[in-house]
Amino acid sequence: MSKPRQYAPTTKNAGVAEIACFSTSDARGVKALYIRSTFAALKGPLFHKRRFIHARTSTLKSVAATVFACLVIIPFATAQVTFERLVNSSKEPQNWMTYSGDYSGRRFSGLDQINTKNVGSMAAKWVYQTGATGKMETTPLVVDGILYATAQDDRAFALDARTGRPIWMYQRQLPGDIRPCCGRVNRGMAILGDKVFLGTLDAHLIALDAKTGNVVWDIAAADYRAGYSFTVAPLAVKNLIVIGVSGGEYGIRGFIDSYEADTGRRKWRFYTVPGPGEPGHESWEGDSWKVGGAPAWNTGTYDAATNQIFWPTGNPSPSNRGAGRAGDNLYSNSLLALNADTGKLNWYFQFTKHDEHDWDATQVPVLVDSSGKKLIAQANRNGFFYVLDRVTGKLVSATEYGKQTWSGTKDAEGRPAAKKEASPTLEGHTVCPGALGTTNFMPPTYDPQTGLFYVTARDQCDIFSTAPQPYEAGHAYYGSAYFPSEEARPYLGFLKAIDPASGEIKQKFQHTTPTWSGTLSTAGGLVFSGDAEGNFIAFDATSLKPLWHFQTGGAVYAGPIAFAVDGKEYVAIAAGSAIYAFGLP
Amino acid sequence: MSKPWWVVGIVFLAAATVAQNPLADDAKAARAGEYEFRINCALCHGLGARGGGRGPDLTRAVKKHAHSDAEIFQVISNGIPGTAMPANGTNGQGVGMTETEIWQIIAYIRSQEVKAAANPSGDAAHGKELFYGDATCSMCHMIEGKGGRMGPDLTSVGGSRTREALIESVRNPSRRLAWGLTESTKEFPQEYESVTAVTADGKQIKGVTLNEDSFTVQLMDSGEHVYLLEKNSLKSFQKSRESAMPKYETESLSDKELEDIVAFLIGVGAK
């Protein structure tokens, strides 16, 4: 198959005893509870069955003794990641088991060993160079001492989370004619049971064995030649792996899928563009729905109490020209509440109707509880911060959190409404925010300690000019050109802290230029984020004053995480082509 | 992924054998090409192909890197090494343009050439005298290794900027600051912003930014000293988008003199 295992020992007899001891000692700190027997240990990651058979009997005797000795001293196996563990992830803050850290999307770590008092002394502990080129948008997972992450071009790998030493590596062999929109990126994986799950740029979903990186199953979800791809980190819910498709620049028909984790069999598909006879179909002119876009390329969240998946959707296609697709274009740029078991729609809320500016609403929707109300908050690409009732989907508030010129009024529901003159013209005119939006894929964080929502935001305006294009399968389908307006320079980048109760911006930090970094908040009173200049920064969560920074040497496009091994807290971030882990001296 | 050399060779030969645009003088193709141009090219070359301040004016009949249709096809397909011109399909936005679309764009460019402005009328030799003499351009700008360091090197600017952009940058240098260092992973290049820093011991440093982040700044003053400063150790730090370059009004540099300097720059840039 297509998996060069560069780091696994290759010689048949090569120091089996040494391997066994290596594997045990390098996974130290993991709870011994999960070791049931020596037999279970022998099925561990580096003690391969084939190698075992080929080993000499005499070696075996000494191996058995060594393995036993090692196991007694330092047990190594990892437990299965069950749905229950994911639901209760706050009980094991040493692990980071989903894209956003937990199902709520808060990206908040309960760890406080690294805090406002000592973060100034934080230092790099290890760096892992992936060798990949382009933007690294991954959020790693950490489970029981092992870090799982992805790099560009669908490379996945597992590292010893204490040292950064690789355990396995999987490289997807991609066809030469894939259609990534915006870089050959991947945002991370999901983990469930003994497998990790990777969506690929050729629109496959792949289950990899968490201990070896071996392919367990590999299914094609859609035809990449027609512009479908996966860049999103999937979400594991119950026994299902939920994933949304990319391709809003190619006139795809968007969908959110779920697959059985054990078999790869598709359980349900929700088309984000309704077909004939389905509610919402009338919001599309003629046959425009067939190429209506509405991708779902960022990871949603989950509410176990109501068994609802909240998944956001992206722009209608063509992304920047509304002519030919008159109507609201449901369910583009919406938040969808889906029944996790059936994929049936409970409610939806459309942020930008009939979008002509590429303002995908794919930002992570974050579950926030306030004054007994179950809410869901999203800092949207269109420049507004929305708070909805997550039970009913009704809008609670929508407030501006960045520079915008497209809306001056609100509709009857309180939703910001577009000005007619904001539409792109043939000659081109300036609209704020630009097509990249006030924010984008970079994950926000909600800190329950400060009660604030932190988001990376930019003030940049673009000139939008129409450029009608015919639809051609697998071919870019924008319908408009846009580029940064020179008049609107300089473009500004911020980390902003928003009070969800009022929509008020309580604090902000201005970066040198706009950044694409995600955010993390921790119980140590800290918020972490990065910048385009390559700095990874720890902020005081209340004042947003930088307390520490490290120059990584590459712009940050990824989301930070916190985890702990051996009782020591680490903070990790991908930047440039590498993953960095930091800790106290 | 990089292709084997023989694949590149075959593609090159196949394209090179088409000497002429199959869509030449096809008005409909030129119209389609205009839209493709907007989406793929206008960011640098401007909405009307007359240069956007970042890429050359393509309405000039004489181009620096390509003359025939086949050569333009090559440039669009493969980019120009050593310049900002990328190869088709390498900007991370999918598979790039089809061959037909590239020919449509070439049809569009050709349709615009008719409206191209005449060649510069200035006296390049006099422009060179002014550049190194009375106009004092060379105090801060270098051409072919001769001149100052504080401003951008202008050796190739005449080949990559429009005449209008050159004139504007002399008459109104602050309107659009020049780009400096481009970092491979960073979205925006550094601009030639003006900086005034006061060190802890009260020393004032005025110069242009070589690079900057939230915590440090690297700058050059008019004496061409390079300063590497930590922002939190400074008494004050201010930057401005008012260019360090003086604004040349017609009283100090006549339109005729400016045309001469532009002719000199375009002459050097065309080499």
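Helices and strands are DSSP runs, a helix having at least four residues and a strand at least two, and they are numbered from the N terminus. The exercises below concern a predicted model.

**Exercise 1. Determine where A:Thr352 lies in chain A and whether this residue is buried or exposed.**

Solution. 
Step 1. Locate the residue between its flanking strands. A:Thr352 belongs to the loop that runs between β18 (345-350) and β19 (366-370) of chain A.
Step 2. Count the surroundings. Within 10 Å there are 29 other C-beta atoms.
Step 3. Apply the cut-off. A residue is buried if 20 or more other C-beta atoms lie within 10 Å of its own, and A:Thr352 is therefore buried.
Step 4. Identify the contacts. Leaving aside residues up to four places away in sequence, A:Thr352 touches A:Asn333, A:Trp359, A:Ala361 and A:Asn382.
Step 5. Compare sequence and space. A:Ala417 is 65 residues from A:Thr352 in sequence, while the C-alpha to C-alpha distance is 7.9 Å.

**Exercise 2. Describe how β23 and β24 of chain A are joined.**

Solution. 
Step 1. Strands β23 (residues 407-410) and β24 (residues 416-418) of chain A run antiparallel and are joined by 3 bridges.
Step 2. Find a facing pair. A:Pro416 in β24(A) is the residue opposite A:Lys410.
Step 3. Examine the turn. The two strands form a hairpin with 5 residues between them, and A:Gly414 in the turn has a positive phi of about 95 degrees.

**Exercise 3. State the strand order of the open sheet of 5 strands in chain A, and explain why one side of each edge strand has no neighbour.**

Solution. 
Step 1. Read the order. The strands follow one another as β1-β32-β33-β34-β35 (chain A), with mixed pairing.
Step 2. Consider the edges. β1 (108-109) and β35 (546-551) of chain A each have a single partner strand, so one side of each is left without a neighbour in the sheet.
Step 3. Inspect one pair. Strands β33 (residues 526-530) and β34 (residues 535-540) of chain A pair in the antiparallel sense over 5 bridges. A:Val527 has A:Phe539 in β34(A) as its bridge partner.

**Exercise 4. Classify the packing of two helix pairs in chain B by angle.**

Solution. 
Step 1. Take α4 (residues 69-78) and α5 (residues 99-113) of chain B. Their axes are 10 Å apart and the packing angle is about 125 degrees. The two helices are therefore oblique to each other, and the crossing is right-handed.
Step 2. List the residues that meet. From α4(B) come B:Asp69, B:Ile72, B:Phe73, B:Ile76 and B:Ser77, and from α5(B) come B:Ile102, B:Ile105, B:Ile106 and B:Ile109. By class, this contact has 7 nonpolar, 1 polar and 1 charged residues.
Step 3. Take α6 (residues 124-132) and α9 (residues 255-269) of chain B. Their axes come within 7 Å and cross at roughly 100 degrees. Angles of 65 to 115 degrees count as roughly perpendicular, and α6(B) and α9(B) are therefore roughly perpendicular to each other.
Step 4. Consider the second contact. Its members include B:Leu130 and B:Phe131 of α6(B) and B:Ile261 and B:Phe264 of α9(B). The residues divide into 7 nonpolar, 3 polar and 3 charged.

**Exercise 5. Determine how many residues each chain brings to the contact between chain A and chain B, and which helix of chain B gives the most.**

Solution. 
Step 1. Count by chain. Chain B provides 21 residues and chain A provides 34 residues.
Step 2. Assign helices. In chain B, α2 (27-40) and α3 (42-45) each supply at least two residues, and α2(B) gives the most, with 3 residues.
Step 3. Sort by class. The side of chain B that touches chain A has 9 nonpolar, 5 polar and 7 charged residues.

Definitions and conventions
Residues numbered from 1 in each chain as written. Chains lettered and ligands numbered in written order. Predicted model: local features only at pLDDT ≥ 70, side-chain atom pairs only at ≥ 80, totals over all residues. Axes fitted to C-alpha atoms, helices over the stretch in contact; angles between N-to-C directions. Parallel < 35°, antiparallel > 145°, perpendicular 65-115°, else oblique. Left-handed = near helix turned anticlockwise from the far one by under 90°. Contact = placed C-beta atoms within 7 Å. Nonpolar A, V, L, I, M, F, W, Y, C, P; charged D, E, K, R; others polar. Pairing = 2+ DSSP bridges. Buried ≥ 20, exposed ≤ 12 C-beta atoms within 10 Å, placed from the backbone.
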